[in-house]
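Please look over the sequence and the model before reading on.

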Amino acid sequence: MFDWSSFGIEKKSSVDTRMVSLIQKQLDLVFPDSYIDLMKYADGASPEISSFDYEDSGTCISEFFEFSDELRPPTIMWYARPQGVSNLPERYIPIARDAGDYMICLNFNSSPPTVEILDPATHQLSLIAPSFSQFVRLWHE
């Protein structure tokens with residue numbers, strides 16, 4: 001796995017195996033191991049080193065959503081619900097947002113889930129990385 005502290009992420013999480021199982025069961029999917037590892041390390045993390053490039057653009061992660069079954073912002077269940085993000089295709093789960101309020105999503109229509117970014121104004125999706133682990137490897141200062 002990753003050394004999350006090397007990205008300037010402070011260890012603070014109450015996510016445990018029970019919570020992971022509960023949310024995966026509610027959403028009927030299995031999250032990537034590296035994503036679960038991050039949530040168990042720092043739920044709702046705001047990495048200091050989190051810039052990444054995609055297509056002809058670049059941005060950074062503002063925050064990961066809290067890995068909680070509570071239905072309130074900014075939890076993963078709030079954004080994963082049908083009315084959570086307008087025009088979001090089925091089996092796309094928003095896991096974070098960037099500095100411009102674009103949604104960073106896992107696309108569970110592919111295996112492993114790809115990481116894609118949703119422009120809230122145009123509803124256009126763009127591929128960032130073919131897996132969550134490869135997404136993390138893109139992060140830079």
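Rings of Phe, Tyr and Trp, the last by its six-membered ring, count as a pair if their centres lie within 6.5 Å. The model described here is predicted. By that rule the structure holds 16 aromatic pairs, and its largest pocket has about 250 Å³ of space.

**Aromatic pairs**

- In one of the pairs, the ring centres of W4 and F7 are 6.1 Å apart with the planes at 40°, so this pair is tilted.
- W4 is buried, at a relative accessible area of 2%, and F7 is buried too, at 11%.
- F64 and F132 have ring centres 6.3 Å apart and planes at 65°; because planes over 60 degrees apart count as edge-to-face, this pair is edge-to-face.
- F64 belongs to strand β2 (residues 57–64) and F132 to helix α4 (residues 132–138), so their pairing ties together parts 68 residues apart in sequence.
- F64 is buried with a relative accessible area of 1%, and F132 is buried with a value of 1%.

**A charge over a ring**

- The charged end of R81 sits over the ring of W78, 3.6 Å from the ring centre.

**The largest pocket**

- The largest pocket, with about 250 Å³ of space, is lined by 15 residues, of which A80, P82, R91, Y92 and I93 are the closest to its centre.
- Two or more lining residues come from each of α1 (17–27), α3 (76–80) and β3 (92–98).
- β3 gives the largest share of the lining, three residues.
- By type, the lining has eleven nonpolar residues, one polar and three charged.

Conventions:
Residues numbered from 1 in each chain as written. Predicted model: local features only at pLDDT ≥ 70, side-chain atom pairs only at ≥ 80, totals over all residues. Heavy atoms only, no water. 1 Å grid on protein atoms, 1.4 Å probe; cavity = no way out; pocket = protein on both sides within 12 Å on 5 of 7 lines; lining within 4 Å. Points joined across faces, edges and corners; volume = space filled by probe spheres on them. Helix = DSSP H or I, 4+ residues; strand = E, 2+ residues; numbered from the N terminus. Nonpolar A, V, L, I, M, F, W, Y, C, P; charged D, E, K, R; others polar. Phe/Tyr/Trp six-rings, centres within 6.5 Å; stacked < 30°, edge-to-face > 60°. Buried < 20%, exposed > 50% of the residue type's maximum accessible area, 1.4 Å probe, protein only. Lys NZ or Arg CZ within 6 Å of the ring centre and 35° of its normal.
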